[in-house]
Amino acid sequence: MLVGKTRLIPFIFIGGLFCWGLLYLAIPPSVWHMGGGYDTYPRHPHAPPPPPNPWSPSASSRPHTEWDSRADQVKEAFLHAWQGYQRYAKSHDELKPLSNSWDDNFNAWGLQVIDALDTMWIMGLRDQFSQTMPFVADMTFNLTETHYAPFFETVIRYLGGLLSAYALSAEPILLSRADDLGKMLLPAFNTTTGLPMYAINTVTGATTFGWARDTTLWSEAMSCQLEYKYLAHLTGRHEYFDKVEKIMDIMHVAKVQDGKFPTKWGLFTGVPTNKQFSVGAFADSAHEYLLKQWLMTSKSETKAKDLYLRVVDSIITNLLYLSPNRNLLYVTDTYNDVPSHAFEHLSCFLPGLLILGANTLSLSEHEKQVHSWAAEGLANTCYLMYADQSIGLGPDVVVMAKGNYNVNASYLDDSPESQLTPITEGRWFDHLQLWEAQGKPGGIPPGLEEIPPTVENQDYVVRDPGYFLRPETVESLYYMWRMTGNEKWRERGWEVFKSLQRYTRTTYGYASLTSVTVKMPQKKDEMPSFFMAETLKYLYLLFTEEELIPIDKWVFNTEAHPLPVFQWSDWEKERYHIA
Ligand code: DMJ
């Protein structure tokens, strides 16, 4: 008998090979090449939506376009930066692109890997993606007793990066690590109000103040809801939802006049501690998380949407100004209602957010128009900040000229209604109202004229000339293109990319610049992780012909990590008291 069975072995082996061959032919190659792809893993009860197709112009049957080759060049730039990082900074936080060394400035957990993962996936770099998985599997998020992880940066970069890479790839290890990290950061919320502490030791749970002492910045308290709510949805852990919703509740009932949510809030009082109203540093991403929480949860969380509308109305009325000679529409901040006229690169996310809101909220026709006009005018100015400089890259902060507003504008005449007070003289909303009241002369709203770039009489002085490889301007160009379909936004992004290649590329990466106002800019020895997470991702998505991350199915967190739109089930709504 035994001899008989042994004789069968070769047949069983050949039969097995034959069946395997049939299976191989039956399964599309994309599944084999996904490096642990979506279809190869058991589905989680809250499985993310199918990931976008790895798009590759060469594999596409349609004719190759100029934009395809531009997208390819961005992918090449990403690979160049990734290879430099792998060679000289592997497993460290960031590459130092001049000294070819590394920095461990964000917990020393290998930030660049996590921040770059979803960009790799989107660009179809599946081998590189798979190769990082053992590293992710070994992550412990440990810190020595004297080190603290900054809550905001750790959430938007690490937690957002892990969750987004999970949502795209369905690789379970990414969710496990996100859950570990989410839990380890929870003690940050152990203040009397529930507003988060600045930083936390992930091992001991000890927390510490930042430079703002016993206050939290509005952006920091309000930029954890997307990540923790998605994590609550994936894991069913109550505390993830409760902790971040508590912050929403504080904001919902806060006594804030005219939607001017200030930039600082008392950690132990839960009330504002200053009177700065801004969309720049200290506030920026808070605005994003209001609209995007509502969008991510399939428009179910009206608290977030209502807050967004309150704040955005106030921004449009109080923070948008026109420069006196070139009519540049810009957004500034106010202290005690007095505008500083500073205009930050960081604020250039706003046009993208406004156009996203204009196309997703149920606004009246007029409101939709105003939001879209504001978006367009601001996006023009953000772009001009780049185009005005001889190297084609924009400074970090400028201060706009004020006063002596261009009285030649056709809607300003001698009538008493046209007389603007010195305080409001450049305020965009006043000009818009006058223009509309005069029957919209010329048909183009104030601040939306096509203004040519110039190197002289720019209407601003440069306060911080540095260029830090930031994403906000190209982020808005991306949204403007996707929402309006006007190719001019893509062309502008292409100009930015060419300048990036010319002035910031180093032998093994890309470098920030000390000043954009000189013809031969000097490079700085830093390549912030958001360059690969955000700047290159938005440029790539701006140039790809296919919409790889459909805007109605995904929302980007403030570090450009896409999270899927999902629906709270009935039991979750009951559990979390979602009205
Ligand atoms: C990024 O880390 C995020 O976009 C954050 O919200 C703002 N600052 C940087 C990029 O400039």
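This is a predicted model: local features need pLDDT of at least 70, side-chain atom pairs count only at pLDDT 80 or more; totals for chains, interfaces and linings use all residues.
Figure 1. In total, the structure holds 30 aromatic pairs. One of them is formed by Tyr-88 and Tyr-508, with ring centres 4.9 Å apart. Their planes stand at 70 degrees, so the pair is edge-to-face; the angle exceeds the cut-off of over 60 degrees for that class. The pair links distant parts of the chain, 420 residues apart. Tyr-88 belongs to helix H3 (residues 66–88). Tyr-508 sits in the loop between strand S16 (505–506) and strand S17 (509–510).

**Figure 2. The tilted pair of Tyr-228 and Tyr-240.** Here the ring centres of Tyr-228 and Tyr-240 lie 5.5 Å apart. The planes are at 55 degrees, so this pair is tilted. Tyr-228 comes from helix H9 (residues 225–235) and Tyr-240 from helix H10 (residues 238–253). The pair therefore ties together parts that are twelve residues apart in sequence. Tyr-228 counts as buried, at 0% relative accessibility. Tyr-240 is buried too, with a relative accessible area of 0%.

**Figure 3. An aromatic cluster and two charges over rings.** Ring pairs join Tyr-230, Phe-241, Phe-566, Trp-568 and Tyr-576 into a cluster. Elsewhere, arginines sit over aromatic rings. The charged end of Arg-70 lies over the ring of Trp-67, 4.5 Å from its centre. Arg-157 lies over the face of Phe-106, with 4.3 Å to the ring centre.

**Figure 4. The surroundings of the ligand.** Which residues surround the ligand? They are Ile-156, Arg-157, Asp-284, Leu-346, Arg-470, Pro-471, Glu-472, Phe-530, Glu-534, Thr-558 and Glu-559. Arg-157, one of these residues, is the arginine placed over Phe-106. On its own, the ligand has 290 Å² of accessible area, and the protein covers 92% of it.

Figure 5. Asp-118 lies in helix H4 (residues 111–122). Is Asp-118 buried or exposed? At 0% relative accessibility, it counts as buried. The side chain of Asp-118 makes a polar contact with the side chain of Lys-537, at 2.8 Å.

**Figure 6. Helix H12, end to end.** Helix H12 (residues 302–318) has 17 residues. At 1.5 Å a residue it should span 24 Å. Buried residues of H12 are Ala-304, Leu-307, Tyr-308, Val-311, Val-312, Ser-314, Ile-315, Ile-316 and Asn-318. An α-helix has 3.6 residues a turn, so residues three or four places apart point the same way. Leu-309 also lies in helix H12. Its relative accessible area is 23%, so Leu-309 is partly exposed. Leu-309 and His-287 are 22 residues apart in sequence. Their C-alpha atoms lie 9.8 Å apart in space.

Conventions: Residues are numbered from 1 along each chain as its sequence is written. Side-chain values use heavy atoms; hydrogens and water are left out. Rings of Phe, Tyr and Trp (its six-membered ring) pair if their centres lie within 6.5 Å; planes under 30 degrees apart count as stacked, over 60 as edge-to-face and the rest as tilted. Helices (H or I, at least four residues) and strands (E, at least two) are DSSP runs, numbered from the N terminus. Buried means under 20% relative accessible area, exposed over 50%, partly exposed in between (1.4 Å probe, protein chains only). A charge sits over a ring if NZ of Lys or CZ of Arg is within 6 Å of the ring centre and within 35 degrees of the ring normal. The expected span of a helix is 1.5 Å times one less than its number of residues. A residue is near a molecule or strand if one of its heavy atoms lies within 4 Å of it. Accessible areas come from the Shrake-Rupley method with a 1.4 Å probe; for residues, only the protein chains shown count as cover. A polar contact is a pair of N or O atoms within 3.5 Å; within protein, one must be able to donate a hydrogen and the other to accept it, and residues adjacent in sequence count only if both atoms are side-chain atoms.
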